[in-house]
There are 2 protein chains.
Amino acid sequence: MKQYVTEHQSPYLDLSAEVSEVLYKGKSEFQDIEVVESKEFGRMLVLDGVFQTSIKDEFMYHEMIAHIPLFLHPNPKNVLIIGGGDGGAAREVVRHPEVEKVTMVDIDGKVIELSKKYFPEIAKAMLENNPKLTVKVGDGIGFMAQAEAYYDVIIVDCSDPIGPGEGLFTYEFYKNTYKALKPDGLFVQQTESPFMHQPLIQKIWKSVSEIFPITRLYTTFIPLYPSGMHCFTIGSKKYDPLTWKPNRAQTFKTRYYNEGIQRSAFVLPNFVKELLYGEEK
Amino acid sequence: MKQYVTEHQSPYLDLSAEVSEVLYKGKSEFQDIEVVESKEFGRMLVLDGVFQTSIKDEFMYHEMIAHIPLFLHPNPKNVLIIGGGDGGAAREVVRHPEVEKVTMVDIDGKVIELSKKYFPEIAKAMLENNPKLTVKVGDGIGFMAQAEAYYDVIIVDCSDPIGPGEGLFTYEFYKNTYKALKPDGLFVQQTESPFMHQPLIQKIWKSVSEIFPITRLYTTFIPLYPSGMHCFTIGSKKYDPLTWKPNRAQTFKTRYYNEGIQRSAFVLPNFVKELLYGEEK
């Protein structure tokens, strides 16, 4: 009898991956957690029934959420990661020699613990106690509200806006993010699929645009996520992705990211432009 | 009781779409055919259990298979479409004022007939008897073997390399495609997912590279297809997508394609470059 893990990508669409072994099934204070060995994607983390990351495609997400904002900033020294409990974003961030200090704040200590146990490749920087990295278990929303003009880059590596991630998609949160950034700082947030979650993206775009002088959206392929078309929203005080020029060498290997991608990810199909700017642009 | 249509995207991965109505279920000489009304993607065409096209995302596929090669060629007059029985590629091709003649050859007359009936938006050019368009029911492989130095652009809008599409992925077929093109002609073929079908893509790349002086791959988002990351391979005798400059105005509206996309679609993530060129490039 075959065993599957299924995500309801929408009320009308299911993605089911065959599973050879369920490694963990339990609950934290905040959510249901599953770790499974899937035949297509390798090991997978599932939170509240939503596929979070997999060994096979995690590089696409983690490289794109980390390297795009970090290379956009000419000298990112202090980086804050909100969420990102699996450690994948932190793993990519610490690779930048310019980065001196990375603070990661995830609300769910259980996710961090399980990632270290079951996803050592992803949790690498946490497992190795990378000296740049400080991991805190706590509320990212409250943490952000305390911070002031301190960070060069903030990465919001959150889950869907349902459950513990909800408060990370509000106007109030973006206001505090602005406040937490230095005068030339910028932030990025994963903002779901432009094909499937259009009202959400428009809401985020509106909030971020009201607060930040530069708001941009970029897309990337993430096979594990609904539609495979995923986007990230950037709010920036000074540096504009659309006029980006290489400002330093890439000193490490990547499997997805490159200089061409840094530019091309911001080239949007017409239907996405219309979503953000309306019909005429 | 809910009803679903399911594609086995791989032996280990299923995508299931809830269906409100099955409009047609039958067999042609070549394949099983289903037309269903799905709640997520709207009306869908399913051949041998594989999702072919949907009302919601068909523009992404059809614009990208048609406009990338057509705008790459400075003056495409004669266009051949192999496959493309739903009529979507033809619909996009006839929009180019430069195009004088489009010949479409699909092996399965039943697909053409059902597309006209159930997908009038997609089959538009066929339904309107567009004067540029000639539709033939027949074997594309044999048709290609007969043609000589006649076409500016050839579009191979085929299904998977299993079943009737199989012969459209061979060295022999690419040889005949080269022969059928004018001295500055080019062709494009849908070549599946760089995330899921790597050996196939490498095989095609090798064959096309041996025959054509310029071989390029481009990617696009297609939510209906496995992984959402789809690619197309171009073999070209003269025009190189990597040095493309706009050579004429776009005189019609598109929902996905634009000038930026014409360039950015050819910017490949590192893992795709490695697939094609090996580790070092």
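1. Buried area is the accessible area, taken with a 1.4 Å probe, that two parts lose on being put together, summed over both. In this predicted model, the area buried between chain B and chain A is about 3500 Å², and carbon and sulfur atoms give 63% of that figure. On the side of chain B, Tyr12(B), Phe195(B) and Phe221(B) supply 21% of the area that the chain buries against chain A, more than any other three residues.

2. Residues are numbered from 1 along each chain as its sequence is written, and chains are lettered from A in the order in which they are written. Because the model is predicted, local features need pLDDT of at least 70 and side-chain atom pairs count only at pLDDT 80 or more, whereas totals for chains, interfaces and linings use all residues, and side-chain values use heavy atoms, with hydrogens and water left out.

3. The contact (heavy atoms within 4.5 Å) takes 44 residues from chain A and 44 residues from chain B. Between the two chains the count of salt bridges (a side-chain nitrogen of Lys or Arg within 4 Å of a carboxyl oxygen of Asp or Glu) is zero.

4. Helices (H or I, at least four residues) and strands (E, at least two) are DSSP runs, numbered from the N terminus. Among the elements of chain B that each supply at least two residues of the side touching chain A are strand S1 (3-10), helix H1 (58-72) and helix H9 (270-277). S2(B) gives the most to that side, with six residues.

5. Strands also pair across the two chains, pairing being counted if DSSP finds at least two bridges between two strands. Strand S2 (residues 13-27) of chain A and S2(B) run antiparallel and are joined by five bridges, and Ser16(A) has Asp14(B) as its bridge partner in S2(B).

6. Within chain A, seven strands form an open sheet with mixed pairing, in the order S8-S7-S6-S9-S10-S12-S11. Strand S8 (133-137) and strand S11 (214-221) of chain A stand at the edges, each with a single partner strand, so one side of each is left without a neighbour in the sheet. Inside this sheet, S10 (residues 181-190) and S12 (residues 229-236) of chain A run antiparallel and are joined by five bridges, with Phe187(A) standing opposite Gly235(A) in S12(A).

7. Chain B also holds an open sheet of seven strands, in the order S8-S7-S6-S9-S10-S12-S11 and with mixed pairing. There, S9 (residues 151-157) and S10 (residues 181-190) of chain B pair in the parallel sense over five bridges, and Val156(B) has Gln189(B) as its bridge partner in S10(B).
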